[in-house]
Amino acid sequence: MRCRAEAIHALAGAELRSALRGRFVQGFGILFAALAVGVALAGLAASGQLVVQGFTRTAVSLLTLSLYLLPLLGLVLGASAFGAEDGGTELLLVQPVSRGAVLVGRTLGLALALAGVGIVGFGIAAVVVASFAGSEGFAGYLLVAAGATAVGMAGLGLGVLIGVLARRRLKAIGGALAAWLCLAVLFDFAAILVLQLTGSGQPGPWLVGLLALNPIDGIRALGLVGLGADVLLGPTGAALERSLGAGRGALLIVGSLGLWAAAPLVVAARIYRHRDF
Amino acid sequence: MIIEYRRFTKRYGDVVAANGVDLRVPARTTVALIGPNGSGKTTTLKALLGLVRPTSGEVLVDGTDVTAAGAGLRRRIGYLPQRLSFPEGMRALEVLELYARLRRVAADDLRALLRRVELEEVAGRAVDGFSGGMRQRLGLAVALLGDPELLVLDEPSAALDPSGALLVRDLIREIRADGTGVLLCSHDLAEVQALADQVAVFVGGRVCAMGRPDELAYTGGNPGDIEAIYQAYAGMRARRAEGVAYALPS
């Protein structure tokens, strides 16, 4: 047990170091931080000066941005790391360490790198906001940061599974991008279609079910409710708040997010353990 | 460490990568697997390492089936894969530290190991900028961690320039001299000639000849000449068609 923990620790550390030194994570981290700071700055006020938004407005803007970017980062990181079945993978697997430990250790390292990108992006923007606009609404901002990072982790789990299934880096990255497109863009159209076909067109059980199916939309909705959906979105927001605010809907979405993060990893571990390299 | 393959067969769907391989690798000897591409050499090596599970047959190490042997066996074997890669951005010493931790080897002698493969001066450099030869030598250092009883080398000098290949060959020669067994597969017949105590010739997924080079049949030249042995077995059908005779040593 101790050997396994030590191996996981060594692998996670190496993967984290490698990811943080890689151009992809560095570039993505800089991009996300720059966009987050850009969002924190409201733009040019009438006086021609830059003004800084408060935490709540920044959180609302960052919610959408981060829910596009962090799952994309997670998907590509996981797929790229596990899609490359080369001598490096073989060299790891012939060490006196179980394949499960290799998968868990490497995924943990990637998860830490992804969390680092989230913390740096949200953190720098938070410093800018706190310096100029005070700390009101910080709790909601933290909720958004945590939710978006958690969705990134779900993306990472799915990316690992895609990588394990694809066995080739390019194919894996292509699969990851396709999955992101489905979850971040196409799912919304499908959801609108379903809501129209079910006749209501209003938030209700169908909407909660659809939100639970897709962690990006689910956490976006929960984030909006947490930040005050009735104020932000008017009657639709109020209806959304009624659907999710009662507790069960929110629990369903959070539970579904946990499942999205864990289930692909469990399947990936099963495949990884029994596969030929 | 004695290795035995008994009717080892590996199929990938309709493709038969290894087709009833029978092979015995005695302790502390250097055995080279030679044969054309797709003849089952790499699959045979990978089965010993647990990277490939047999469809049928057995691979035994000291009488124990490798599929049941687990981590204890892997600690006794060092491996240099064909397409070697290391985590992006890691430095040479960090790579060795990682694998030393995974093999539970004390980290005190890692610099000495880097010195042995002539990489001590670049211990702090990122491996991304290493040449093919430097990567291969670092791979050998990883394979040597914990003083394994057997080294498994898959094309150790493929894609190296002549000086890099000679350096790697010298290193393998030193490792052999220390009493470590070596099981290697190679397309470089000069390398096999220089290193191998025994040769196994693979054709069509099975071993068609195995023994000391001077025991095997050959076409022209001298007994023990690996090129002539290769021609006698691996190129046998084609050579026969051309009317070239082959001979057994007297």
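Reader: Hi! How many of the residues of chain A count as buried?
Author: Of its 277 residues, 52% count as buried, where buried means under 20% relative accessible area, exposed over 50%, and partly exposed in between, with a 1.4 Å probe and protein chains only. This is a predicted model, in which local features need pLDDT of at least 70, side-chain atom pairs count only at pLDDT 80 or more, and totals for chains, interfaces and linings use all residues. Residues are numbered from 1 along each chain as its sequence is written, chains are lettered from A and ligands numbered from 1 in the order in which they are written, and side-chain values use heavy atoms, with hydrogens and water left out.

Reader: Thanks. What helices and strands does chain A have?
Author: Chain A has eleven helices and two strands. Both kinds are DSSP runs numbered from the N terminus: helices are H or I with at least four residues, strands are E with at least two. Along the sequence, the order in chain A is α-α-β-β-α-α-α-α-α-α-α-α-α.

Reader: And what share of the contacts in chain A comes from residues 24 or more positions apart?
Author: They account for 80% of the contacts with a separation of 6 or more, a contact being heavy atoms within 4.5 Å.

Reader: Can you show me a spot in chain A? Where is Leu213(A)?
Author: Leu213(A) belongs to helix H8, residues 205–213. Leaving out residues up to four places away in sequence, Leu213(A) touches Phe187(A), Ser256(A) and Trp260(A). Its C-alpha atom is 8.0 Å from that of Ile253(A), 40 residues apart along the chain.

Reader: How many helices and strands does chain B have?
Author: Chain B has ten helices and ten strands. The radius of gyration of chain B is 19 Å, close to the 18 Å that the globule rule gives for 250 residues, so chain B is as compact as a globular protein of that length. That radius is taken over C-alpha atoms, and the rule is 2.2 Å times the number of residues to the power 0.38. Along the principal axes, the C-alpha atoms of chain B fill a box of roughly 55 × 40 × 35 Å.

Reader: Nice. Which residues does Ser39(B) touch?
Author: Beyond residues up to four places away in sequence, Ser39(B) touches Ala17(B), Phe202(B), Val203(B), Gly204(B), Gly205(B) and Arg206(B). Ser39(B) lies in the loop between strand S3 (30–34) and helix H1 (41–49) and is buried, with a relative accessible area of 2%. From Ser39(B) to Val207(B), 168 residues apart along the chain, the C-alpha separation is 9.0 Å.

Reader: And where does Tyr230(B) sit?
Author: Tyr230(B) is in helix H9, residues 226–233. Setting aside neighbours within four places in sequence, Tyr230(B) is in contact with Ile34(B), Gly35(B), Pro36(B), Leu189(B) and Gly235(B). The C-alpha atoms of Tyr230(B) and Gly35(B) are 7.3 Å apart, although 195 residues separate them along the chain.

Reader: Backbone question: what is the phi of Arg7(B)?
Author: Phi of Arg7(B) is near 50 degrees, a positive value in a residue other than glycine. Most residues other than glycine have a negative phi. Arg7(B) is in strand S1, residues 3–12, and is partly exposed at 49% relative accessible area. Asp62(B) also has a phi near 50 degrees; Asp62(B) is in the loop between strand S4 (56–61) and strand S5 (64–65).

Reader: Last topic: how many disulfides are there over all chains?
Author: The count is zero, with a disulfide taken as a pair of cysteine sulfur atoms within 2.5 Å.
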